[in-house]
Amino acid sequence: MSIKPTTTDLEWTDLDQRAVDTGRVLAMDSVQKVGNGHPGTAMSLAPAAYTLFQKVMRHDPADADWTGRDRFVLSAGHSSLTLYIQLYLAGFGLELDDLKAFRTWGSKTPGHPEYGHTVGVETTTGPLGQGVANAVGMAMAARYERGLFDPEAAPGTSPFDHFVYAIAGDGCLQEGISAEASSMAGHQKLGNLVLLWDDNHISIEGDTETAVSEDTEKRYEAYGWHVQRVEPKENGDLDPQALYEAIQRAKAVTDKPSFIAMRSIIAWPAPHAQNTEAAHGSALGDEEVAATKRVLGFDPEQSFEVADEVIAHTRQALDRGAQAKAEWEKGFAAWRTANAERAAEFDRVAAGELPAGWQEKLPVFEAGKGVATRAASGKVLQALGAVIPELWGGSADLAGSNNTTIDKTSSFLPADNPLPEADPYGRTIHYGIREHSMAAEMNGIALHGNTRIYGGTFLVFSDYMRNAVRLSALMHLPVTYVWTHDSIGLGEDGPTHQPVEHLASLRAIPGLNVVRPADANETAIAWREILTRWTKEFGKGAPHGLALTRQGVPTYDREVTEGAAKGGYVLFEAEGGSPEVILIGTGSEVQLAVEAREQLQAAGVPTRVVSMPSVEWFEEQDQGYRDSVLPPSVKARVAVEAGIGLTWHKYVGDAGRIVSLEHFGASADGKVLFREFGFTADAVAAAARESIAAAQR
């Protein structure tokens, strides 16, 4: 399947121009009807969006998830009408009534584009800059996917070759995440990525001179991008011919991502609102809308005016899409015939299935031996990497500490990188010290499909990633965050590196499953459960965050720790009768609960130890199971975790006690810190006695 360069001669008819202007009218009317929104950018970007969707991109509106499609990301998500109007015009499923319902309850056209909610929306955008990083991740995934299934094909000849297009605004490029991601894209030489910058000089506070004076084009040149500028027509409107030619030149540059600066005038051609900050985020008003319609040759008395010949013209995208897909499928069929084994692998991956027997490769760790859970995670990744080729990932420059290197001999790097392990299709990603963009790139990789992605850093640095992690949860994306050095147990690096509030903070994100295994075997089970839960079906996937220790912790019997897959389970049962007290622990503090149990049992107090690596998984279990682990009749309970205790109040109840850390750490050996801050078996046993007394009152 060859991606043939399109001629630089753009066919642009009066109907095309009328369709662009219709898009401008629809943007004004949609915002005017609901009374709020962002009309200006959708108006000025109408020629660019139309050119992409009608003249450039390979897509099939009747099959928005077609594997061979180009991807489009609207990083400037506030201008959601830029996307919605093109989805309507091209026939992706939106109709005029959907635009009339813009930003209202239950509509397909929410204020910002939402993945899984509206057909044709590739990612949820809104927080500025996230979409740039998503697009970079998609471009990375496209290269890795090609390496999985068609690595020997000449450039531009594989059914897995396609482009990623993104539109970003000034705000996107001011956010630091886009700088991180753009640096990564230039370093990776992602020639399949084309970023269009809407250089309209306007932000909410007015002219961008209020905040920015850098030379953005030279900045992108310094990142290693191919940079072009498209000037507007004399009347100030975007020039489709010039933009089309720039895109064709960008596609021809295969060893660099491409950056196209488009000078635009926001709200063009509104007589009074154009080039004003008010047009960014406010309805134009009835008089200005009517005046603009007159300028464009539309009836000012009509709303949502779409001529039959215009929609008939733009819906030809359905025919072009069907033709493009049919042509692609011929090439895909030829590839399948020539690559039967890889085709079977593709079918398995596309179906969201894992290789037969993969679970047998999971390591089993010897009971009693002390192993850091970060080290156990690394052994799991290396074991599974050999049998799950679609599993890949890396670290934000902490691979040696995170234990996230899945293959030391294979790094995801362009072919001319000087490192000996460099491989354009390599397994191990070096994200660099770019935690925020790493998370958003992982989202883009997951959204692209056909691979399974993870990325690591220290737990304390999850703060840098939080907005992208939140979007992982919002989109139900099956990405895995490997967060190590999960407590004061990391020691001498001190309070700047010791997470205290992070576990509770991350658990507060709806849809994010935080997993803090107690030992090496729980870690292996956690990875097994995470991979098992992966699914292609939107709405059922979920991101996971593994919180792992730097220090060694005791290893428990594998048969007992199987309960970790349910989020919480009885690790050690009470002896000598029903439990009088339950000790609940996670991670490195489970061992303290186990030692405290020994003290209490020796004193004649039947004590149950519950390991609860994931409260989210535990809450998924039915009430009967949860009550079997935490019987309501047992009021005496202690939770122990080396972080703030916010999570645990609901589990210990009024008579319960929490051994927690309600302040920052310090710089000293981890064992010293645990002792000095009261994380000892004696402290847990004392808390248990207090809870028993309270429960008897």
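# Exercises on a predicted model

Asn 275 is partly exposed, because its relative accessible area is 42%. The model is a predicted one. Work through the exercises with the structure in view.

## Exercise 1: Backbone of a loop

Task: Find where Asn 275 sits, and state what its phi is near.

Solution. 
- Step 1. Locate the residue. Asn 275 is in the loop between β7 and α11.
- Step 2. Read the backbone angle. Phi of Asn 275 is near 65 degrees, a positive value in a residue other than glycine.
- Step 3. Most residues other than glycine have a negative phi, and most peptide bonds are trans.
- Step 4. Look at a proline in the loop between β7 (258–263) and α11 (278–281): Pro 269. The peptide bond from Trp 268 to Pro 269 is cis, and its omega is near 5 degrees.

## Exercise 2: Helix α6 against helix α8

Task: Classify the packing of α6 and α8 from the angle between their axes, then sort the contact residues by class.

Solution. 
- Step 1. Two packed helices are described by the angle between their axes and the distance between the axes.
- Step 2. Take both values. Helix α6 (residues 130–149) and helix α8 (residues 176–188) pack at about 25 degrees, with axes 8 Å apart.
- Step 3. Classify. Angles under 35 degrees count as roughly parallel. Therefore α6 is roughly parallel to α8.
- Step 4. The crossing of α6 past α8 is left-handed.
- Step 5. List the residues. From α6 come Gln 130, Val 132, Ala 133, Val 136, Met 140 and Arg 143. From α8 come Ile 177, Ser 178, Ala 181, Ser 182, Met 184, Ala 185 and Gln 188.
- Step 6. Sort them. The contact of α6 with α8 has 8 nonpolar, 4 polar and 1 charged.

## Exercise 3: Helix α8 against helix α18

Task: Work out how α8 and α18 are oriented to each other.

Solution. 
- Step 1. α8 and helix α18 (residues 435–448) pack at an angle of about 70 degrees, and their axes are 8 Å apart.
- Step 2. Angles of 65 to 115 degrees count as roughly perpendicular. α8 and α18 are therefore roughly perpendicular to each other.
- Step 3. Find the contact. Ile 177, Glu 180, Ala 181 and Met 184 of α8 meet Glu 435, His 436, Ser 437, Ala 440 and Glu 441 of α18.
- Step 4. Sort by class. This contact divides into 4 nonpolar, 2 polar and 3 charged residues.

## Exercise 4: Helix α16 against helix α21

Task: Find the orientation and the handedness of α16 and α21.

Solution. 
- Step 1. Helix α16 (residues 373–385) and helix α21 (residues 520–533) pack at about 45 degrees, with axes 8 Å apart.
- Step 2. α16 and α21 are therefore oblique to each other.
- Step 3. α16 passes α21 in a right-handed crossing.
- Step 4. The contact residues include Val 380 and Leu 384 of α16, and Trp 527 and Leu 531 of α21.
- Step 5. By class, the contact of α16 with α21 has 8 nonpolar, 3 polar and no charged residues.

## Exercise 5: An aromatic pair

Task: Describe the ring pair of Trp 648 and Tyr 651.

Solution. 
- Step 1. The whole structure holds 31 aromatic pairs.
- Step 2. In the pair of Trp 648 and Tyr 651, the centres are 5.8 Å apart and the planes 50 degrees apart; the pair is tilted.
- Step 3. Check burial. Trp 648 counts as buried at 2% relative accessibility, and Tyr 651 counts as buried at 6%.

Notes:
Residues numbered from 1 in each chain as written. Predicted model: local features only at pLDDT ≥ 70, side-chain atom pairs only at ≥ 80, totals over all residues. Heavy atoms only, no water. Axes fitted to C-alpha atoms, helices over the stretch in contact; angles between N-to-C directions. Helix = DSSP H or I, 4+ residues; strand = E, 2+ residues; numbered from the N terminus. Parallel < 35°, antiparallel > 145°, perpendicular 65-115°, else oblique. Left-handed = near helix turned anticlockwise from the far one by under 90°. Contact = heavy atoms within 4.5 Å. Nonpolar A, V, L, I, M, F, W, Y, C, P; charged D, E, K, R; others polar. Phe/Tyr/Trp six-rings, centres within 6.5 Å; stacked < 30°, edge-to-face > 60°. Buried < 20%, exposed > 50% of the residue type's maximum accessible area, 1.4 Å probe, protein only.
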